[in-house]
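Hello,

Here is the structure I said I would pass on. My notes follow below it.

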Amino acid sequence: MKTLRLSGLAMAVAVGLGGAASATELTIAIVNNGHMINMQKVAEVYTKDTGVKLNWVSLEEGVLREQVTSDTATGGGQYDIINIGMQEAPIWGAAGWIEPLNFGASYDVNDMLPAIRNGLSHNGTLYAAPFYGESSMVMYRKDLTDAAGVSVRDNDTWSNIKAAAAAIHNPDAGIYGACLRGKPGWGDNMAFITTVVNSFGGAWFDKDMRPTIDSQQWHDAINFYVDLLGNYGPPGSEGNSFNEILALYNEGKCGMWIDATIAASFLEVDGVAYAQSPNAGNPVGANWLWAWAMAVPAGSPNAEESKKFIEWATSKDYIKAVANHPEFGWGSVPTGTRSSTYAYPEFQAVAGFAAAEMAAIESAAPEATDLKPYVGVQFAAIPEFPEVGIAVAQEMAAALSGAKSVADALAASQKAATAIMSEAGYF
Amino acid sequence: MSPFVRSSRFGTFFWPILAWVLALLFFFPIFWMVLTSFKTDADAVKPEFLFFFTPTLENYFNMTENYDYWRFAINSGITSVFATLFTLSVGVPAAYAMAFNPSRHTKDILVWMLSTKMLPAAAVLYPMTFLTKNMLGLFDTHFLVILVLSLINLPIVIWMLFTYFKEIPKEIIEAGKMDGVSFWGEMGDIVLPLAWGGLASTALLCFIFCWNEAYWTVRLTTTDAATLSKLIEGNRAPEGLFFGRLSAVSTAAVGPIVVLGWFCQKQLVRGLTFGAVK
């Protein structure tokens with residue numbers, strides 16, 4: 001009897017192993033956004049065609065970063081494909097934590113928007129393929145600006161933006177002139193604040209990577225930001241980020257919003273118009289650049305199959321697969337990655353923001369310059385940046401809420417950033 | 001009328017009203033979460049309080065069709081039940097030994113066990129990941145989740161059981177011994193029946209703690225052993241308003257535990273007060 005049981009067990013194990021060996025399974029860690037959720041349905045056809053089973057693990061952005069970092073640092077293997085952003089891709093590529101990506105001619109890598117491609121590469125090698133990309137732009141209520149007799153132009157001056165916000169600001173009617181990010185976080189308030197600082201000619205670090213947060217440009221930029229949002233923003237702005245402002249905007253409570261271009265596809269109010277990001281004399285770095293991309297951890301045992309899937313999921317064919325999917329359509333295709341997407345008349349017909357979005361992405365400048373000696377627009381592509389960004393973000397929220405003066409907040413930020421960079425061995 | 005009587009009448013009205021106000025205050029977030037789960041995503045994010053709306057089950061259908069709710073729920077059930085059983089199987093003898101045969105180090109051991117709860121979980125995240133993934137190969141297995149949940153809850157379970165066992169008069173045990181009752185008879189016929197209420201409330205609390213644990217269950221699993229905590233975590237979105245869906249997932253995750261708590265209120269209160277309420 002015992003022998004019979006053991007034989008049965010052995011057979012079950014053998015069958016199980018046999019089954020496991022016959023079909024490749026890929027485990028994919030994804031950030032929870034609409035495009036990635038849609039992909040789970042669109043990719044059913046990939047499984048049907050190739051037999052490759054896809055296991056999706058959806059994670060909140062912060063937890064995703066933490067899990068992927070600890071997985072990669074412990075040799076990988078937990079995930080075959082990971083969602084990473086523009087901040088991580090060049091750093092991890094340089095460290096050898098993710099595999100370089102080389103695709104066939106039909107993939108048409110030159111169709112990829114150059115700024116996005118450069119931001120996901122290191123020394124000219126692509127390490128992560130973009131799934132969707134974004135920049136930032138002004139989304140304003142033209143009906144309100146027209147009624148107030150003011151206008152918002154492409155690459156406007158900040159003083160004109162402030163004047164327009166003041167003209168349409170009517171808190172008694174529940175309309176606030178400018179809704180901007182104030183919630184602390186390196187990807188929250190600091191994404192927007194950094195573009196303002198850049199537009200005033202400031203940067204996070206000098207050429208020796210010493211923080212320059214106590215510079216005059218930072219003082220001017222933060223004083224302007226606190227003045228604009230404090231006087232013409234909704235109450236409690238220090239708690240607002242993308243989602244909170246989107247909710248306010250769709251309630252008709254925001255006259256103007258400067259944020260991610262992807263927001264345009266979520267707007268449901270009438271009378272919205274778009275303009276390129278304002279600046280205070282320096283347009284370089286006044287609009288951010290970000291992409292969520294797919295990469296293969298160096299430890300993945302299924303690297304080749306993973307690359308094949310990424311090649312499909314970021315291809316022109318995938319864009320068409322979403323457009324032709326019965327549950328989605330052209331309004332749901334991931335944007336900000338390929339020039340060809342913007343050329344489809346069907347896409348142009350449903351995406352009134354398409355031209356403004358593409359112009360914003362194309363004008364974004366992540367490369368290092370004399371003024372900004374590091375890669376990245378709203379972040380610096382160095383491993384220490386999240387820590388620096390979080391510390392400064394708290395101080396900026398304190399300045400916005402009035403808990404601290406701008407001067408004190410900047411002094412505390414400079415001190416914290418200097419300590420972090422010094423400890424990391426930059427100087 | 002004496003001030004005492006006035007104060008007593010005042011208390012008759014004041015304390016129940018205060019208790020109701022506090023209860024409603026604490027319950028409101030749960031109520032709002034359940035209400036939001038029946039709203040569309042567009043209704044869910046409207047800044048004003050929206051009590052009247054057209055209810056929809058869309059979020060619940062979406063949760064079961066697209067998010068594989070049942071897989072996560074089954075994993076939560078398996079890991080919580082087995083972790084509770086394992087914790088009790090270790091905790092009962094340990095608490096018994098310390099309650100009825102204390103040594104001069106018993107107090108130190110109890111304090112030491114509790115002190116392990118003071119270690120921030122994040123401090124051992126990397127070693128735990130490395131150990132379970134690279135050395136033991138246990139990452140993303142039910143066994144690992146059960147083990148971790150058991151170890152996390154063991155100190156509190158031993159403390160609770162120790163408190164209950166201490167309530168049992170030693171004379172009863174001694175009388176049993178004089179009558180020639182064996183160790184197992186002592187446990188089965190005397191200790192456990194007398195501590196049954198405490199044991200049940202400890203088991204219930206342990207199960208709830210296991211079900212709700214999020215830090216390790218999110219970080220030590222991928223797909224095979226992922227629990228409902230991971231499902232909730234994955235529904236948070238930085239760019240996109242999915243509060244209706246998130247509320248539905250959260251409601252479905254806490255639902256079973258709320259129902260269980262509702263039926264076992266008495267034991268729960270007794271457990272939470274370490275036996276002070278009988």
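Which residue of chain A forms a salt bridge with B:Arg219? The partner is A:Glu66, and the closest N and O atoms of the pair are 2.2 Å apart. A salt bridge here is a side-chain nitrogen of Lys or Arg within 4 Å of a carboxyl oxygen of Asp or Glu. By that rule there are 2 salt bridges across the interface of chain A and chain B.

Before the rest, some conventions. This is a predicted model, in which local features need pLDDT of at least 70 and side-chain atom pairs count only at pLDDT 80 or more, while totals for chains, interfaces and linings use all residues. Residues are numbered from 1 along each chain as its sequence is written, chains are lettered from A and ligands numbered from 1 in the order in which they are written, and side-chain values use heavy atoms, with hydrogens and water left out.

The interface

Chain A brings 36 residues to the contact and chain B brings 31, contact meaning heavy atoms within 4.5 Å. About 2,700 Å² is buried between the two chains, and carbon and sulfur atoms give 53% of that; buried area is the accessible area (1.4 Å probe) that two parts lose on being put together, summed over both. Of the area that chain A buries against chain B, A:Asn32, A:Thr74 and A:Asn243 supply 22%, more than any other three residues.

On the side of chain A that touches chain B, H4(A) gives the most, with 7 residues. Helices (H or I, at least four residues) and strands (E, at least two) are DSSP runs, numbered from the N terminus.

Helix H6 of chain B

The buried residues of H6(B), residues 125–135, are B:Leu125, B:Thr129, B:Thr132 and B:Lys133. They lie on the same side of the helix because they cover an arc of only 90° around the axis, taken from the directions from the helix axis to the C-beta atoms. Buried means under 20% relative accessible area, exposed over 50%, and partly exposed in between (1.4 Å probe, protein chains only). Their cover includes H4 (61–73) of chain A, along with H7 (142–167) and H11 (215–219) of chain B.

Positive phi

After H6(B) comes B:Gly137, with a positive phi near 65°. B:Asp140, in the loop between H6 and H7 of chain B, also has a positive phi, about 60°, although it is not a glycine. B:Asp140 counts as buried, at 9% relative accessibility. In chain A, A:Asn123 has a positive phi near 50° and counts as exposed, at 72% relative accessibility.

Regards
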